[in-house]
Structure formats: C-alpha cells, structure tokens
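Subject: Handing over the structure

Hi,

Here is the structure I said I would pass on. Have a look at it first, and then read my notes below.

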Amino acid sequence: MWKTPFGPIVERVIEVNGLTRRFKRTLAVDDLSFEVASGRVTGFLGPNGAGKTTTMRLILGLDRPTAGQATLGGRPYRSLRRPLTHVGALLDATAVHGGRRAEQHLRWLASSNGLSARRIGGLLELVGLGEAGGKRISGFSLGMKQRLGIAAALLGDPATLLLDEPVNGLDPEGIRWTRQLLRSLAAEGRTVLVSSHLMSEMALTADHLVVIGRGRLLADAPISELVRPGTSLEDVFMELVSEGAR
Amino acid sequence: MNTVNAEWIKLRTLRSTWWTMGIAVLVALVLTALGAGAVISRWDPGQAPGQAAMGIVVAVYVGVILAQLPLGMLGVMTISGEHASGMIDTTHVATPAKSRVLLAKAVVLAGFAIIGSLFIAVPGYLYGRAVAAEFNPSALPADAWPVIGGGTLMIVVTTLLGLALGALLRNGAAAMAALMAIVLLLPFVARMLPWGDWANVLLPTYPALQLIEQVPDIMPTWVAFTVLGGWAVVPLIIAALVGRR
Ligand SMILES: Nc1ncnc2c1ncn2[C@@H]1O[C@H](COP(=O)(O)OP(=O)(O)O)[C@@H](O)[C@H]1O
Ligand SMILES: [Mg+2]
C-alpha cells in the first residue's frame, strides 16, 4: 500500500502516537506524537540527549515503548515481512564488524531479506565506495562507514528511510553529498526522516521539521512556517529549546 | 532460510572463524593420531577384527571432543561479537524476530561443528586403520554408532551451549568462562562430592564420556543422549525466551 505512493501525493507513512520510553530515572521520550509524510525530507531535530535516537529505535522495534506506539504504513515495524524492502535505516554507522569487507557486509544483509546481491556493486558505486568495496571495514574512516551505512539502508530499495545523524563526522564534501542524496530520494517520492542536532544543517536539507527537546514535541511544521522574516532558523531553534526546558 | 543464509555468510566471512576451526581441527588431529598410535601399540596380538575397529573409533572420538572448546568459543563469539560491535541492531532491523536469528545461528553452527568433527574423525579413522592394519579391523561394528553419535553430539552441544551463553550474557569473556565452568570445572568438582554421581548425570560431560566409552556406565545410553542433547536445546530456549523481553 504505502510502498506505491511514489509521486506528489503526500501520505502519512510514519506515525508516532503518544510514544513514551522511560529508562529508570530518565524519561527519554515523553508522550511524543507526530507523523512523517512521503515525498519530502523531514528533519528530526533536537539537542543532544533530546531522545532522537531512542525514538528511532522505538520506530524500528529495537526497543519497546513504555507507552504509545509507532507504526509504518499503519503497521508496527516488527510485523513487516522482509522489512528492508520497506524501510532502510542507519543508526550507528560504526556498529559494524571491522573484519568483514564492505561488500561482504552488504551481502549478508541482502541475503537476510532474500534480496539479490546484484545491486551491491552499483550501490557501492553510488555511495562512492566503488574502490573500497573489497576492503576490510576496519580500515574505513568514519565518513566511509557512514557511506556504507547509507548503502545498507538503500539495499532493499525502500520507500522509507530513517537516518540517525548521518552527517556526523563527515567532511564538507560528504555533507553536501548526503544532503543531495536525501533530497533526491525524497523527490522520488520516498519518505525520509533524518535526525540532527545541527539546525544549520537541517535548514539546508529538510522541507519539514519535527523538533523535540527532553523527549517532548516542541514544533512540527514546514521550515517556511518556522522561519519568520528577520529571524534565522538557528534563533527559532534556540527559542524553542529554551522554552521546552522550562 | 534467508536468515540461515545470512548467518552462514556472516560466519564464513570472518577470518577468525577459519583460524578457530583450523587450529581446532589441526590440534585434535595431531592428538588423535598420537592417541590412536599409543592405544594400538598396547593391544594384545589376539585382538579380534571387530574389537580393533571399535578401539579405533573410540580413540578417534576422544580426539574429536578435544576440539569442543574452540568450537564453543566460536559459538560464543557468533553472538557476543555482534553485541560488542553493536551490529546486533542491524541484524534485528533486518530480521525483527530475535528467536529466528538465534535459531539460524544455531543451525549454521551445528552444521559447522558436525563438518569440523568429520574433518577430525575421517582422517583419524583412516590413520587408525592404517596403523592397526595387522589386526585386520572389521567395517564399523554396530556398537560404534553410539560412540560416533555421542562424540558428534558433544561437540555440537558445546558449540550451541556457547551460543546460548553468549546470547544470555552478551559478554564474550563471561560466556566463555561460564562454558568452561559447565563443561570442565563442574564435572571435575562433582567427582569429589558424595552426590557427585547425580551431578554427573545432570551435567553434559559425563554422559558424553560414557557414550565414547571413557568412563563406567552409570546411566542408560538413551538417558546419556537425552541429557547431552538437553544441554544444547534448553539453554537456547531460555536464551530465546529471555531475548523476547
Ligand atoms: N539504554 C539507555 N539506558 C538509559 N538511558 C538511556 C538509554 N538510551 C538513552 N538514554 C537516555 O535517554 C535520553 C535520550 O537519549 P537519546 O535518545 O540518545 O538522545 P539523542 O539521540 O537525541 O541525543 C538521554 O538522557 C540518554 O542518556
Ligand atoms: Mg542520538
């Protein structure tokens, strides 16, 4: 159903509803509700510790919510069959085994969802690892690992992408490349949710922003609405975060 | 099947897998050859062909279970390594059913352990027959099968117990210590206790040693197989249930 709306139709693909996650003393995610539509880049913004990673892990079924739920096309992630064909995710790019070659890492991942290994070569080219595909990951820089993580996310040609701080540690060229890739993926009609703690980066990448602080929703609006004449997005962010802290 | 394929690719694309397997097989083969040679040299010249064949099989499977600890370590690392690197999250994003991942790892490791045991047993057996040629050993006698089954099962059990402990404890060193305690230390301690026989029946090592005819029989063969097999199945079920939370 929700794999088809490639095109201009804006559809709510990711739905987060009253999502709450408490770790002993910290309330990492606090009654959070928002929706992510297809065909645009949605920036998921908040200072460090705001709960972005926890929210993404909850959406991906890696962690169980204390309350509320997150669904993809109306279904919880864990109920998806061959999930990589629906959703591509990049959480922690360094969480890979250094002993494998890049191409081997993608091969087991493809196999786990019954995907053909034929796309691997092309994907490695696409993310700029054409030369490095046969090299062991232990020799990769952080930027190369981020690129490998993006290739892994694209493996199943998913309609939805969830990327947690994908430009962290990238050089300016890598940042620019990632930005353009995300924009072109959204232009193809895909749903792109990308987190960052950097307002300036999101201002250039996202069409829509979901801003959180201390696990709570602070804003959910198109970028154009958030920026008023005479204020920078940075100012708006600081204002939102300090209001949220009160 | 996809999950099994993926786990097989994971296992075979790590050099440590082949190093561990290579060293385990090599060391066990050398010790098997030395052990078989020593045992055969002490045989009485009147040894019947059937007894000779049986003696070779027993010597070979004593060698096979020497490879259990490296393979147990492989079982541990298969899962603790993913926890250490954080790659376990990628595994679960790709395959949300955790118990399916654990089962696939178990299938791949069990197959790997069986093939490893054959790499020790087959050359060891042929070598034994060559050394014992003067006794004209017969083809495999019927009572060799419990020995073959028991020795093979022991190496599979230790590998899968390593996997279950790695899944439960997540930490490789802790899981390895627990594995050695169960397989080596506790049976040793049990021998010195008054109720040691009961502990021996319940731990995996004595049933295995009984099946490969290294210790006196204290339980029926089917009990030995059941207890031994239980040490592979039950900890894996516990790990799967704990992982659901
Ligand atoms: N596994 C965990 N155990 C305990 N606290 C956690 C855990 N994961 C995250 N937290 C806490 O939850 C809060 C939100 O963290 P996180 O989601 O990583 O934020 P962000 O990704 O926005 O930087 C932080 O206070 C963090 O310390
Ligand atoms: Mg984070």
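A:Phe23 is in contact (heavy atoms within 4.5 Å) with A:Ala28, A:Thr54 and A:Asp63, leaving aside its neighbours within four places in sequence. A:Phe23 sits in strand 1 of chain A and, at 35% relative accessibility, counts as partly exposed. On these terms, buried means under 20% relative accessible area, exposed means over 50%, and partly exposed is in between, with a 1.4 Å probe and protein chains only. The C-alpha atoms of A:Phe23 and A:Ala117, 94 residues apart along the chain, are separated by 39 Å.

Before going on, some housekeeping. This is a predicted model, where local features need pLDDT of at least 70 and side-chain atom pairs count only at pLDDT 80 or more, while totals for chains, interfaces and linings use all residues. Residues are numbered from 1 along each chain as its sequence is written, chains are lettered from A and ligands numbered from 1 in the order in which they are written, and side-chain values use heavy atoms, with hydrogens and water left out. Helices (H or I, at least four residues) and strands (E, at least two) are DSSP runs, numbered from the N terminus.

Now the ligand. A:Phe23 is also one of the residues around ligand 1, and the others are A:Thr26, A:Ala28, A:Pro47, A:Asn48, A:Gly49, A:Ala50, A:Gly51, A:Lys52, A:Thr53 and A:Thr54; a residue is near the ligand if one of its heavy atoms lies within 4 Å of it. This shell divides into four nonpolar, six polar and one charged.

Look at the oxygen atoms of ligand 1. One lies 2.7 Å from a backbone N or O atom of A:Gly49, one is 2.8 Å from a polar backbone atom of A:Lys52, and one is 2.7 Å from an N or O atom in the side chain of A:Thr53. Taken alone, ligand 1 exposes 560 Å², and the protein buries 58% of that (areas by the Shrake-Rupley method with a 1.4 Å probe). Strand 2 (26-37) and helix 1 (52-59) of chain A are the elements that give two or more residues to the shell, and helix 1 of chain A gives the most, with three.

On to the interior. A nonpolar core here is a set of buried Ala, Val, Leu, Ile, Met, Phe, Trp, Tyr and Cys residues joined through side-chain atoms within 4.5 Å. The largest one has 79 residues, and those with the most contacts inside it are A:Ile14, A:Phe44, A:Ile59, A:Leu60, A:Leu148, A:Leu193 and A:Leu209. Helix 4 (residues 142-154) of chain A supplies the largest share of this core, six residues. Apart from it lies another core, of 67 residues, including B:Val25, B:Ala36, B:Phe135 and B:Tyr206.

Which residues does A:Leu148 contact, beyond its neighbours within four places in sequence? They are A:Ala102, A:His105, A:Leu106, A:Leu124, A:Leu129, A:Ile137 and A:Phe140.

Helix 2 of chain A deserves a look too. Nine of its eleven residues are buried, so this helix is largely enclosed by the rest of the structure. Among the buried ones are A:Ala102, A:His105, A:Leu106 and A:Trp108. Their cover includes helix 3 (119-126) and helix 4 of chain A, together with helix 1 and helix 5 of chain B. Just after helix 2 of chain A, A:Gly114 takes a positive phi of about 65°.

Helix 1 (residues 2-12) of chain B has its own buried residues, B:Thr3, B:Ala6, B:Glu7, B:Ile9, B:Lys10 and B:Leu11. Helix 2 (102-112) of chain A is part of what covers them.

Finally, some single residues. A:Thr42, in strand 3 (residues 41-45) of chain A, is buried, with a relative accessible area of 1%. A:Lys24 is exposed at 81% relative accessibility, lies in the loop between strand 1 (12-23) and strand 2 of chain A, and has a positive phi of about 30° although it is not a glycine. In chain B, B:Pro45 is exposed, with a relative accessible area of 76%, and its C-alpha atom is separated by 7.5 Å from that of B:Phe135, 90 residues apart along the chain.

Cheers

Note on methods
A polar contact is a pair of N or O atoms within 3.5 Å; within protein, one must be able to donate a hydrogen and the other to accept it, and residues adjacent in sequence count only if both atoms are side-chain atoms. Ala, Val, Leu, Ile, Met, Phe, Trp, Tyr, Cys and Pro count as nonpolar, Asp, Glu, Lys and Arg as charged, and the others, Gly among them, as polar.
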